[in-house]
Structures are given as structure tokens and as C-alpha cells.
Amino acid sequence: MRKKMTAIAMTLVMTVGMLAGCGVSGGTESAAGTEKASAEKSEEGSAEKTQIKIAAAMPTTGNARFVTDGKIFKSYCEEKGYQYTDQFAENDVATQIQQIEGFISGGYDAIIVCPVDGAGVSSAVKKARDAGIKIVSFDRMVMDTEVDYYATFDNVGVGTKDAEYIVEKLDLDNTSDNKTYNVEIFTGDIADNNALLGYQGAMEVLQPYIDSGKVVVKSGQTEYEQVVTTGWDSGEAQKRMENLLSSYYQDEKVDAVLTTYANLALGCITALKSAGYGTDDKPLPITTSQDAEIAACKSILAGELSMSILKDDRMLCPIAIDMAVAAVKGEEYQVNDTETYDNGTGPLKTYKGEITTFDIDNFKEVVYDSGFLTEEDLQ
């Protein structure tokens, strides 16, 4: 806002100066002509501030985080003077393709794409690129076609931190303990590359314990295709957990559930509570997640969900906008990763944001003290 006011002040000073100069040189016609030129220049400057048109193609309003992202995008663009709009595809790839094509015909300079299906939208994204529109892949990776930049978090790290939390809380590295622990695994939609990355990070940590027999996955469902959840949907996770409990845990209990998203975790917790978990005699298992959404935070405070991972989009959303603007202007945005992420066209120019694990012990520090949420938000 300070930059905008400074720019306006400078324009006024220049205009006044030019008019004063015209008065000295004499002649009403000269002054009028200069005033007209100054007005035209002012209009041109105003046009420059709003000429960059940015659109965001978002996957769903069913994920509270993406709704918040849209609000942050809008607020930041208003602050900077860019035109902005967004559309949500409600997890339907055909709808998202139509929305991207609408942005193409609408004359947008840049599109931020958080895909429903990273491969499914590639043809529409290529069409946008061919039309000269700049593309920033946001959070989820657009696959198999070039993009200008990728703004994301450490999604492998999400799975790694989830698994490390289970290792710590079950004390799996205590070699004097011969006990085995039952763990089940859930990740997100098979069309979302982030689900695969999170799974890979988790299994890199868990696999040695599975191989040694310290961790037992009684369902035997450890392959990626076996642990995905359509649409990252809470109801789908609940149904799968109900099936696992009735099929494999009639006489034993689940010690931990590794999920890589709050919706999945909360669906699993609902199934577990229905099966009698959540009492002193049968406590809920350690359950992991990501995204510090309100429902997840409330569940942690209630002593149900064990932990989550904060991915602070207050930082990442403005970066995605700045990437888009830099691409439109033909400038280079300074990224921090040019090797990790490859969408099939080669390594992407990526800004990878940090992630923070939190549970009840550091909840206040991570969630409240950082300003991410307030106590009133969780009432």
C-alpha cells in the first residue's frame, strides 16, 4: 500500500510541476495541451498497474486450504494492482480443462494451476502456453508439459515427517523392545503427484521397520495403488478404515495410522471411534496428517488427531503471484530448487516452502504465536 501511495504522490508532483512550467512559458493553449498529455500519461500509468491479468485454476472448495489460497491470491493481487480471478473445479478434471480454456479466451496473462489431475490438464496447459500465457504450477504438479515455475512445499518431507513422528511415538528404535506394532497407511488421490511424493517419503522411513518385522501392516496393503484415496476424501478414507478394522483387527488393535492429509485422518478417526477406540481401555492410535486446517486443529486440541504439518500459504501464495508476474515481464524469479521436481519435461524452476510439524506440545507456538490461526478461530 505504501508503494501505491508513493507512486500516486510522485504522479501528482510531476503533474503539478509540468503545469507550473507551462504557466511560465505562457499561453493557455500550451498549458491545456500539457494538461491533456499529463492526463493521458496518468491514465497510461494506471493502465500499467492493472494490465497484468492473473487467473487461478483451483481444484476444489472441499479443501478449506484451497479456499484460503484463493483469498490470499485475491488480496495480494489487489494490493499490487493486478487483475485477478479464480475458479474451482470441484475435483472434476473436465471442468478444470474448460475453466483453463476460458482463461485463455479471456486474455489472461498468467494462470496459476493447482490441478485436479496433473496429467489430465496437461493439454489445456499446453494450449495456454502456445497462446503465450505464462503458467505457474501451484502446490500440485502439472505433468507432461512445460510450465514457467512451480511453487510448492516439501511434499516428500510431509510423508517423511509423518512417518518419523510414528517412529518416535512408538519408540521403534528401542532395540530392547521386541514388541511389534500394527500400522496402516493412507495417502491421497492417485491423480495427484503430491500423494505419490508423500507416500515415497513415508515409505522410505517405514520400510526398514516393516522389513525387520517391527512394524506389521496386517492388511498387507503397502503398495501405492493400494493406499490411495480418491479425491483425498474423508468418507472414502472412513470406508476403507472400516473395512480394514472388520477384516484384520477383530482380535488385535491398530497402533498407528499414517495418513498424509487431515481429511483422511479425520475419516479414519471416525471409523476407529465407531469401532470402540477412544476410551481409556482402547485409546485411539497415533494418527498423522498434514495441513493445519481448523478441523484438524480442533481434533488435536480434543486429543484425537495426534499431529499435523503446517504449510503456510501466507508465504507461498504471494510467491506464486510474483512468479507469474516475473514470467509475464520476462524477468527471472529467484527460486531455491532446480533439481528435485521433474514433471516429465525436465527439472522445474521451483520455490519449495518449508513445512513445520506440530502436535499438542508445540501447538501454541506453531499455530497461535505465528498468527496462522487464533483461539477464536477454533471456538
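**Helix packing, nonpolar cores and backbone geometry**

Helix 10 passes helix 11 in a left-handed crossing, a crossing being left-handed if the near helix is turned anticlockwise from the far one by less than a right angle, and right-handed if clockwise. The model is predicted, so that local features need pLDDT of at least 70 and side-chain atom pairs count only at pLDDT 80 or more, while totals for chains, interfaces and linings use all residues. Residues are numbered from 1 along each chain as its sequence is written, and side-chain values use heavy atoms, with hydrogens and water left out.

The protein chain comes to 13 helices and 12 strands; helices (H or I, at least four residues) and strands (E, at least two) are DSSP runs numbered from the N terminus. Of its 379 residues, 48% count as buried, that is, under 20% relative accessible area, against over 50% for exposed and values in between for partly exposed (1.4 Å probe, protein chains only). Among contacts (heavy atoms within 4.5 Å) with a separation of 6 or more, 71% involve residues 24 or more positions apart.

Helix 10 (residues 262-274) and helix 11 (residues 294-301) have axes 9 Å apart and an angle of about 45 degrees. Axes are lines fitted to C-alpha atoms, for helices over the stretch in contact, and angles run from 0 to 180 degrees between N-to-C directions. Helix 10 and helix 11 are therefore oblique to each other, given that angles under 35 degrees count as roughly parallel, over 145 as roughly antiparallel, 65 to 115 as roughly perpendicular and the rest as oblique. The contact joins A262, L266 and I269 of helix 10 to A295, A296 and S299 of helix 11. Its residues divide into five nonpolar, one polar and no charged; Ala, Val, Leu, Ile, Met, Phe, Trp, Tyr, Cys and Pro count as nonpolar, Asp, Glu, Lys and Arg as charged, and the others, Gly among them, as polar.

Helix 3 (residues 64-80) packs against helix 12 at an angle of about 55 degrees, with the axes 9 Å apart. Helix 3 is thus oblique to helix 12, and the crossing is right-handed. R65, D69, I72, F73, Y76 and C77 in helix 3 meet D313, R314, C317, P318, A320, I321 and D322 in helix 12. By class, this contact has eight nonpolar, no polar and five charged residues.

The largest nonpolar core holds 90 residues, of which I54, F73, I112, F138, I321 and F358 touch the most other members. Such a core is a set of buried Ala, Val, Leu, Ile, Met, Phe, Trp, Tyr and Cys residues joined through side-chain atoms within 4.5 Å. Helix 12 (residues 313-329) gives the most to this core, with nine residues. A second, separate core has 22 residues, including Y108, I111, A124 and V147. Beyond its neighbours within four places in sequence, I54 is in contact with residues including C77, Y108, A110, I112, I321 and V325.

A110 lies in strand 3 (residues 110-113) and is buried, with a relative accessible area of 0%. Apart from neighbours within four places in sequence, A110 is in contact with K53, I54, A55, I133, K134, A324 and V328.

Two residues other than glycine have positive phi values. Phi of D144 is near 65 degrees; D144 lies in the loop between strand 4 (134-138) and strand 5 (149-153). W232, with a phi of about 55 degrees, is located in the loop between helix 8 (224-227) and helix 9 (234-248). W232 is buried, with a relative accessible area of 8%.
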